[in-house]
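Trainee: I would like to learn how to read a ligand site from coordinates. Where do we begin?

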Amino acid sequence: MRIGTIELPNRLFAAPMAGVTDRPFRRLCRRLGAGYAVSEMVTSRKDLWKSLKTSRRANHDGEAAPIAVQIAGTDAQMMAEAAAYNIDRGAQIIDINMGCPAKKVCSQWAGSALMQDEPLALAIIEAVVAACAPRGVPVTLKMRTGWRAAQRNAVRLACGAESAGVAMIAVHGRTREQGYKGAAEYDTIAAVKAAVRIPVAANGDIDSPAKAAEVLARTGADAIMIGRAAQGRPWIFGEIAHFLATGVERPPPDVRQVKAWLIEHLHDHYGLYGERAGVRSARKHIGWTVRALPGGEAFRARMNMLEDCEAQLRAVGEWFDEMAQTHQRMPSRAACIEDETMLEAA
Ligand SMILES: Cc1cc2nc3c(=O)[nH]c(=O)nc-3n(C[C@H](O)[C@H](O)[C@H](O)COP(=O)(O)O)c2cc1C
């Protein structure tokens, strides 16, 4: 699997998720089996580059190659400058966001809104490629299937992007209008794959090794990209890699192993955000990890009251140690759903 001239270790990608796939989480996903992880989007607005949020997003200290940075914006020249700015800060691949449905992004005509204006979308792609190509940096595109059901233009836009020099396209199998509702559809992704020669990554609702294999087979895609299913479960990449290689599902990880991964993640997280902000923003990662376990919700409520790193680390450590007395392994996803149903019925 290659993006331009850059060889990737495998075809399992962590999807960009603002507020989630920061450097510590990307590092963990890579360590646990993802071959590639794209940064949270970085705005093309220069006036925001010096903000704490954007400068943290442009910090790649200690991150494994290839460093891929997603940029978002609506103006071709500004997007080209944003690409150059991020290359200066270590980006080895530039990804253009045409997939995000967030109002904050779309009301400014960025993200998936760009799919509605193909000439502007192509002008942006051409400008970014022109800024990146002389520096040997490949440009990739992340898009949805279209703006709405009656306007599924992913194939046309993908062909235009390929002609403009884009090196890889990731397609989320929903329209912008759908947001995250309904089920992802894979026929449009298959049509994009059939229409272009560059690699295509399929994205949307992939939450298990079996689903990963099914989506790869159904779309013919070169890679799969996983977002929400990796929240609190970054080892999903290793599980999928194992299943694709052997046809056999690996048992869920040991509870003690998950504790060690989470503690490692928390230390890295505090390192980037500092104590005060880090303790708060780490809560969602802890919550996602424990939700699969019995009593996870109650622990989350308690843990959300803690305000310093030491107390948070201690609470997580003790809770997992206690859990390990009764549960050797993390419950499988199916078992979790069953547990929730049983709790609702009780
Ligand atoms: C919290 C969150 C933040 C996201 N942020 C971005 C983003 O910054 N850029 C982007 O292209 N997509 C973003 N997405 C979309 C994901 O990359 C992905 O396309 C989508 O979640 C579907 O994949 P999944 O079903 O595997 O989650 C975000 C999704 C979520 C849930």
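Trainee: How do the residues of the shell around the ligand divide into nonpolar, polar and charged?

Mentor: Keep in mind that this is a predicted model. The shell holds seven nonpolar residues, six polar ones and three charged ones.

Trainee: Which of the 16 residues around the ligand come nearest?

Mentor: Those are Pro16, Gln70, Asn203, Asp205 and Arg228.

Trainee: What lies 2.7 Å from an oxygen atom of the ligand?

Mentor: A polar contact is read from a pair of N or O atoms within 3.5 Å. In this model, a backbone N or O atom of Pro16 is found 2.7 Å from a ligand oxygen. For Asp205, too, a backbone N or O atom lies 2.7 Å from an oxygen atom of the ligand. With Lys142 the side chain takes part: one of its N or O atoms is 2.9 Å from a ligand oxygen.

Trainee: How much of the ligand's area does the protein bury?

Mentor: The ligand exposes 610 Å² when taken alone, and the protein buries 90% of that.

Trainee: Where does the ligand sit?

Mentor: Its place is in the largest pocket.

Trainee: How far apart are Asp268 and Gly278 in sequence and in space?

Mentor: The two are separated by 10 residues in sequence, and their C-alpha atoms are 9.6 Å apart in space.

Key. Residues are numbered from 1 along each chain as its sequence is written. This is a predicted model: local features need pLDDT of at least 70, side-chain atom pairs count only at pLDDT 80 or more; totals for chains, interfaces and linings use all residues. Side-chain values use heavy atoms; hydrogens and water are left out. A residue is near a molecule or strand if one of its heavy atoms lies within 4 Å of it. A polar contact is a pair of N or O atoms within 3.5 Å; within protein, one must be able to donate a hydrogen and the other to accept it, and residues adjacent in sequence count only if both atoms are side-chain atoms. Accessible areas come from the Shrake-Rupley method with a 1.4 Å probe; for residues, only the protein chains shown count as cover. On a 1 Å grid over the protein atoms alone, a cavity is a set of points where a 1.4 Å probe fits but cannot get out, and a pocket is an open set with protein on both sides within 12 Å along at least five of seven lines; lining residues have an atom within 4 Å of a point. A molecule sits in a cavity or pocket if more than half of its atoms lie within 2 Å of its grid points. Ala, Val, Leu, Ile, Met, Phe, Trp, Tyr, Cys and Pro count as nonpolar, Asp, Glu, Lys and Arg as charged, and the others, Gly among them, as polar.
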